[in-house]
Amino acid sequence: MGIREFPNGSARGKAATLGMRRSPDVSPRRLSDISPQLRQLKYLVVDEAIKEDLKWSRSVEDLTSASVGLTSIEERILRITGYYGYQPWAASYKRDERSRESPAPAEAHMQAGAEGSGRVNRCCWKCSTTQLKKIFWGVAVVLGVCSSWSGSTQLAKLTFKKFDAPFTLTWFATNWNFLFFPLYYLGHVFKSAEKQSPKQRYRECCRFFGDNGLTLKVFFTKAAPFGVLWPLTNYLYLHAIKKINTTDVSVLFCCNKAFVFLLSWIVLRDRFMGVRIVAAIFAIAGIVMMTYADGFHSHSVIGIALVVGSASMSALYKVLFKLLLGSAKFGEAALFLSVLAVFNVLFITCIPVILYFTKVEYWSSFDIIPWGNLCGFSILLLTFNILLNFGIAITYPTLISLGIVLSVPVNAVVDHYTSEIVFNSVRVIAIIIIGLGFLLLLLPEEWDVWVIKLLTRLKVRKKEEIPEGNGDIASGLRNKSRRTRPSMSSFAH
C-alpha cells in the first residue's frame, strides 16, 4: 500500500516521499533546488487507499483531479512539494472565505432585486421631480398668459379712449415681433453648449422655408399670407373691443379652438372626434346666446361678428401654417415671426398712412398719442405670444391654453368695477357653455381609451374587495361559532 513504484524506481520513490514531507520552514528558495524531485514525480502513481489519509492536504486530489481550477501545473507541483512554504489548507481556507464573502444565489437575487428597486425608486423620484417642475412652470406660464392677455385687452380698451386708431395700434404692436429672433438667439447663447454666430443660426433656421432658404419667392408665397392674416386677426379683435365689453370679446375669442378643429377636420383630414363636435356645437350655441344677451342690438351684433371673424382668422392662420409649413422648432418659429414683422414694415405701413390722410384714424398731433399705452400694449402682446409659442419647452401645452380661458373671469371682474356690464342669466350661461366647449377641446385624442382603462381598474378593485370582505365575515362567523360551541369535557361530569 502507499505509493507504488515503477521498476527500477525505489530510490526515486524514497526521494519523492522525502520531498513531499519537507517542512515549509526548510523549503528551498529556488526551483532548481528541487528539480530532481520534480523529475521523479512523473513516475509516481497514487494509490487509491492513500487518498483518504491525504485529504487534509488535498494535494493528491488536486494532482489527480482536473476540476480543481488551478491556473497551471507549477502550482500543483508547488502544493505537493511544499515549495516556498505553500500550505494546501490555505487555498481551501481562502475558497471557503470567498464562498462566505460571496452571497448565495437567493441572497444575490435579493440584492439584485433591492438594487433594481432602488433604481426604480430613483427613476420614479426623477420622473416625479420632473413632472413637479413642469407643473410648477406650467402654473407660472398659465399666470403669465392670463395676465398678459387680459392686461393687453384692458390696456387696449383704455388706449381707445384717448387714441381711437385700432389698425395703427395693430401695426405698431406687430412691428415688435421683430424682437422674436434676437431674443431667441440670446437664449441660444446662454443655454446651448455649441454656440453659433447669428449668421450661422440664421442660415440653419432658414432651412425651415426649404432647401434654398428664405428666397424672394418663398417670402411672397409662404410668408406673405400670414403677414396679412396676423394684423387682420388683431385688428378685428381690437375693433371689437370698441363695440362691446372685454368680457364678451375674450370669451368669444375662445371659439377659435373649435374653428381650428372644424378646419383641420375638413382641410387636413384630421381624426374625427365626437367630443370635439360637441365642443364646436357648444361654441356656436354660446355665440348665439351671447348675441341674444344684449337683445340683438346692432352695436353688439357688429362687435360679436368682429370677434367671431377674428377667431376665424386665427383658426385659418393655424391651419394654413400646418398645411404649408408643417411644424416648426423654436428657432424656426422665432425667425418666422420676425419675418412677419419685416413684411408688416414693408407692405402694411401704407395702410395706417392711408387711414390717417382719409381721417378714418386721425389724430391732430403726435403729442397726444399715449406712447406709454401703446408700448405697454405691445410689450404685453409680445409676452403673450412668447409664452404661447415657446412655453411648451418648459410645461404642457394644455396648461398654456388654460391661461386664455382664465382671462375671461379676470376681464369679468375688471368690467364689473369699471363698466356698466350686466351679467344676466343668458350671458352667464353663454360664458359657461363656451368655456366648457373650450375645455372639451383640450382633451387628448386617446381620452376615451384612458377612461375605459380607469373604469376597468375600478371594477377589478371592487371585485377584489368583495371576496376579501366576504372572507373576513366568514372568518368572524367561524370564530364566533367556536366560542359558543360547548366543550365535551363539560358533559363528562
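**Close-up views of a predicted model**

**View 1. Ser 264 and its surroundings.** Setting aside neighbours within four places in sequence, Ser 264 is in contact with Arg 269, Asp 270 and Val 319. This is a predicted model. Ser 264 belongs to helix H13, residues 256–267. Its side chain reaches the backbone oxygen of Val 260 at 2.7 Å. Is Ser 264 buried or exposed? Ser 264 counts as buried, because its relative accessibility is 8% and buried means under 20%.

**View 2. A salt bridge between Asp 164 and Lys 242.** The structure holds 3 salt bridges. In one of them, the side chains of Asp 164 and Lys 242 meet, with 2.7 Å from N to O. This pair links distant parts of the chain, 78 residues apart. Asp 164 sits in the loop between helix H7 (105–162) and helix H8 (166–175). Lys 242 sits in helix H11, residues 216–243. Asp 164 is partly exposed, at 41% relative accessibility. Lys 242 is partly exposed too, at 31%. Why can such side chains pair? Side chains of opposite charge can pair when their charged atoms come close.

View 3. The side chains of Glu 204 and Arg 201 meet in a salt bridge, 3.3 Å from N to O. How are these two residues placed along helix H10? Glu 204 and Arg 201 are separated by about one helical turn, because they are 3 residues apart in helix H10 (residues 198–206). Arg 201 is buried, at 14% relative accessibility. Glu 204 is partly exposed, with a relative accessible area of 32%.

**View 4. Helix H12 and its link to helix H20.** Arg 427 forms a salt bridge with Asp 248, and the closest N and O atoms are 3.1 Å apart. Arg 427 lies in helix H20 (residues 425–441) and Asp 248 in helix H12 (residues 246–253), so the pair ties together parts that are 179 residues apart in sequence. Both Arg 427 and Asp 248 are buried. How many of the residues of H12 are buried? The count is 8 of the 8, so H12 is largely enclosed by the rest of the structure. Among them are Thr 246, Val 249 and Phe 253. Asn 245 caps the N-terminal end of H12. A side-chain oxygen of Asn 245 lies 3.3 Å from the backbone nitrogen of Thr 247.

**View 5. Two aromatic pairs.** A search of the whole structure finds 31 aromatic pairs. Trp 149 and Phe 384 form a stacked one, with 4.5 Å centre to centre and 25° between the planes. Trp 149 is in helix H7 and Phe 384 in helix H18 (residues 371–390), 235 residues apart. Trp 149 is buried, at 5% relative accessibility. Phe 384 is buried, with a relative accessible area of 6%. Phe 181 and Tyr 202 form an edge-to-face pair, with 6.5 Å centre to centre and 85° between the planes. Phe 181 is in helix H9 (residues 180–191) and Tyr 202 in helix H10, 21 residues apart. Phe 181 is buried, at 12% relative accessibility. Tyr 202 is partly exposed, with a relative accessible area of 34%.

**View 6. An aromatic cluster, and a lysine over a ring.** Which residues form one aromatic cluster? They are Phe 208, Phe 209, Phe 226, Trp 230, Tyr 317, Phe 321 and Phe 336. Elsewhere, Lys 359 lies over the face of Tyr 362, at 5.4 Å from the ring centre.

Methods. Residues numbered from 1 in each chain as written. Predicted model: local features only at pLDDT ≥ 70, side-chain atom pairs only at ≥ 80, totals over all residues. Heavy atoms only, no water. Salt bridge = Lys/Arg side-chain N within 4 Å of Asp/Glu carboxyl O. Helix = DSSP H or I, 4+ residues; strand = E, 2+ residues; numbered from the N terminus. Buried < 20%, exposed > 50% of the residue type's maximum accessible area, 1.4 Å probe, protein only. Polar contact = N/O pair within 3.5 Å; in protein donor to acceptor, adjacent residues only side chain to side chain. Contact = heavy atoms within 4.5 Å. Phe/Tyr/Trp six-rings, centres within 6.5 Å; stacked < 30°, edge-to-face > 60°. Lys NZ or Arg CZ within 6 Å of the ring centre and 35° of its normal.
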